[in-house]
Amino acid sequence: MNKVINLSFKFFAAILLAALLFSCGNNLKEVQDFLAEKNLPIGVAHDVYLIHTDSGRVQTKLLTPLMNDFANREEHPYQEFPEGIEVTTYDELGDSITLIGDYAKTYSKTLISEVKGNVVVINHKDNSKLYTDQLFWDQKTHYIYTEKAFKLYRKLDSIKGSGFESNEDLSKVITSNPSGVVYVNESNEVADENIK
């Protein structure tokens with residue numbers, strides 16, 4: 001008798017569960033709209049180690065403890081890295097540039113990233129380093145810029161100021177309000193013609 005009641009209960013529970021599952025008529029668009037309305041990501045990834053290659057050559061490595069995917073935003077879809085990010089890009093010769101920050105947001109349509117908090121850009125080939133609190137990175141044009149205070153250390157130069165723009169490898173620099181040590185040649189010109 002107990003066995004029959006137990007089997008009947010299991011059968012009823014299975015029917016109820018199936019009915020609940022099939023009664024949910026939400027399509028993917030409705031779910032995405034709901035998540036967007038509640039400002040929730042459509043995907044969350046932990047301990048991300050992403051390698052992007054092209055024709056077998058590594059172009060980019062990305063490390064982050066947490067990535068939130070807000071691709072469900074119609075006008076401005078983005079990925080958020082609330083616990084920090086480290087991105088290393090490689091050129092054809094294998095030289096690399098590393099970008100590190102405490103927080104980042106990358107907009108999918110424009111491929112512009114905002115990186116904030118203890119931002120560091122390192123050109124490993126010539127050991128140049130840029131330090132700032134906020135940086136914008138245009139991945140299409142390989143260009144970085146900030147309006148915040150910065151410090152730039154290069155082989156011969158140590159520059160600080162506010163307002164900075166450069167290509168991502170820190171080789172062509174434009175800055176406003178600079179101060180620091182910049183080496184000049186005998187004709188009183190800046191020794192490094194890439195600093196303006």
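Rings of Phe, Tyr and Trp (for Trp, the six-membered ring) make an aromatic pair if their centres lie within 6.5 Å; planes under 30 degrees apart count as stacked, over 60 as edge-to-face, and the rest as tilted. Welcome to this predicted model, where local features need pLDDT of at least 70, side-chain atom pairs count only at pLDDT 80 or more, and totals for chains, interfaces and linings use all residues. Residues are numbered from 1 along each chain as its sequence is written, and side-chain values use heavy atoms, with hydrogens and water left out.

**View 1. F70, Y78 and Y107 form one aromatic cluster.** The structure holds 5 aromatic pairs. One of them joins F70 and Y78, whose rings are stacked at 4.7 Å centre to centre, with 20 degrees between the planes. F70 is buried at 4% relative accessibility, and Y78 is buried too, at 12%. Here buried means under 20% relative accessible area, exposed means over 50%, and partly exposed lies in between (1.4 Å probe, protein chains only).

**View 2. Y131 and Y153 meet edge-to-face.** Their ring centres are 6.0 Å apart and the planes stand at 70 degrees. Y131 belongs to strand β8 and Y153 to strand β9, so the pair ties together parts that are 22 residues apart in sequence. Strands (E, at least two residues) are DSSP runs, numbered from the N terminus. Y131 is partly exposed at 34%, and Y153 is partly exposed at 35%.

**View 3. The largest nonpolar core has 21 residues.** Such a core is a set of buried Ala, Val, Leu, Ile, Met, Phe, Trp, Tyr and Cys residues joined through side-chain atoms within 4.5 Å. V121, L130, I144, L152 and F164 have the most contacts inside this core. The elements giving two or more residues to the core are β4 (85-90), β5 (96-101), β7 (112-123), β8 (128-138), β9 (143-153) and β10 (158-167). Leaving aside neighbours within four places in sequence, L152 is in contact (heavy atoms within 4.5 Å) with residues including L130, I159, F164 and V173.

**View 4. Y49, I51, V58 and L63 make a nonpolar surface patch of about 330 Å².** Patch residues have over 30% relative accessible area and no salt bridge, and nonpolar side chains (Val, Leu, Ile, Met, Phe, Trp, Tyr) are joined within 5 Å. A salt bridge is a side-chain nitrogen of Lys or Arg within 4 Å of a carboxyl oxygen of Asp or Glu. β1 (43-54) and β2 (57-70) each supply at least two residues of the patch. V58 is found in strand β2 and is partly exposed, with a relative accessible area of 30%.

Technical notes:
Patches are made of residues with over 30% relative accessible area and no salt bridge: like charges are joined within 9 Å, nonpolar side chains (Val, Leu, Ile, Met, Phe, Trp, Tyr) within 5 Å. Accessible areas come from the Shrake-Rupley method with a 1.4 Å probe; for residues, only the protein chains shown count as cover. Helices (H or I, at least four residues) and strands (E, at least two) are DSSP runs, numbered from the N terminus.
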